[in-house]
Amino acid sequence: MAFFILLVLIFVIAYLVMSIKIVNQKQEIIIERLGKYHKTLTPGLNFIVPVIDAPRPFRSKKIVKTVTGEFYPIYSYTDRIDLRESVYDFPRQNVITKDNVTISINALLYYMIVDAKSAVYEIENLPEAIEKLTQTTLRNVIGEMDLDTTLVSRDNINTKLRTILDEATNKWGVKVTRVELQDITPPREIQNSMEKQMKAERDKRAAILEAEGLKQARILEAEGIKESQIQQAQGEKEAAILKADGQKQARILEANGEAEAIKNIIDAIANKGQPDKYLIAMKYLETLRDITSGENNKIVYMPYEATGILSSVDGIKEMFNGITK
């Protein structure tokens, strides 16, 4: 009797243990009752009916990279579906561009399961389906671009891939969050041609910059010479103006002095003399003095109008006589 009771107690404990399912955060379990979908266990404490209810196994796949750089898949089955964002590192694959150039691309795919029921029942092998869909979509997208566009349009390729994959995997209960192209490697001969092209382009830019620098230097030098000449001409102009103004002032002062002297003489003569004859005689005498003042001038001559000078001298004499009287 005691053995029977112990056996029943063990059976009850085992039944309770089998009926309790604790689900971790960000995980779900699909429960089938007699082979048909029954419910989805959410995080926390859940209860099922043992034997009648059973978790549906879910196939997962991971890509492992060896130290030699090779990739190989690891498949496993689990009754717990992870709802966290997962990353799938695709092996390097060859794709052909629009201009028939074969390039090698290594891609990363970030996705997460948002509907565990659809991920289990709508697709037979979810990881394999996502990988093949990504590869074929990548070939289609790259096939619409030439090599140069592919190399400079990673963001556009990533966005286009993510949009296409997200729409295709929506019915599988999967959300594709990001697609990243890790590396785009063209053939070696194409790389050599691109390196030569880049070198030629850099040399061209360097020559253009050097020519532009020489041009600017010559322009600045010409502008400096022009400015210097303008400043020099301006200085010479101002100097000439100041010199002319000085000569003008000197002549004015000299004329004023001479006028003052003549005025004094005229005042001294006081209306009894002949000032015009006096001035003419003085000018003749000054001119005669200038003609004969040379150091090597040995010729002494009288002007043709000598009688005019004599008459002027006589006029001076008469003036002085008039003053004496």
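In this predicted model, strands S2 and S8 pair in the antiparallel sense, with two bridges between them. Glutamate 28 has isoleucine 81 of S8 as its bridge partner. S2 also runs antiparallel to strand S3 (residues 36-41), to which five bridges join it; here isoleucine 30 stands opposite threonine 40. The hairpin of S2 and S3 has two residues between the strands, and leucine 34 in this hairpin takes a positive phi near 55 degrees. Strand S5 (residues 53-55) is joined to S2 by three bridges, again in an antiparallel arrangement, and alanine 54 of S5 lies opposite glutamate 32. Of the seven residues of S2 (residues 27-33), six are buried, so this strand is largely enclosed by the rest of the structure.

The largest pocket has a volume of about 520 Å³. It is lined by 20 residues, of which Ser60, Lys61, Lys62, Ser86 and Tyr111 are the closest to its centre. Elements giving two or more residues to this lining include strand S8 (81-82), strand S11 (102-113) and helix H3 (126-143). Strand S6 gives the most, with six residues. By residue class, the lining of the largest pocket comprises nine nonpolar, five polar and six charged residues.

For the second largest pocket, the volume is about 170 Å³. Its lining includes Arg56, Phe58, Tyr77, Ile123 and Pro127. At least two residues of this lining come from each of S6, helix H2 (116-121) and H3. Eight residues of the lining of the second largest pocket are nonpolar, one is polar and three are charged.

Notes:
Residues are numbered from 1 along each chain as its sequence is written. This is a predicted model: local features need pLDDT of at least 70, side-chain atom pairs count only at pLDDT 80 or more; totals for chains, interfaces and linings use all residues. Side-chain values use heavy atoms; hydrogens and water are left out. On a 1 Å grid over the protein atoms alone, a cavity is a set of points where a 1.4 Å probe fits but cannot get out, and a pocket is an open set with protein on both sides within 12 Å along at least five of seven lines; lining residues have an atom within 4 Å of a point. Grid points are joined across faces, edges and corners, and a volume is the space filled by probe spheres set on the points. Helices (H or I, at least four residues) and strands (E, at least two) are DSSP runs, numbered from the N terminus. Ala, Val, Leu, Ile, Met, Phe, Trp, Tyr, Cys and Pro count as nonpolar, Asp, Glu, Lys and Arg as charged, and the others, Gly among them, as polar. Buried means under 20% relative accessible area, exposed over 50%, partly exposed in between (1.4 Å probe, protein chains only). Two strands pair if DSSP finds at least two bridges between them.
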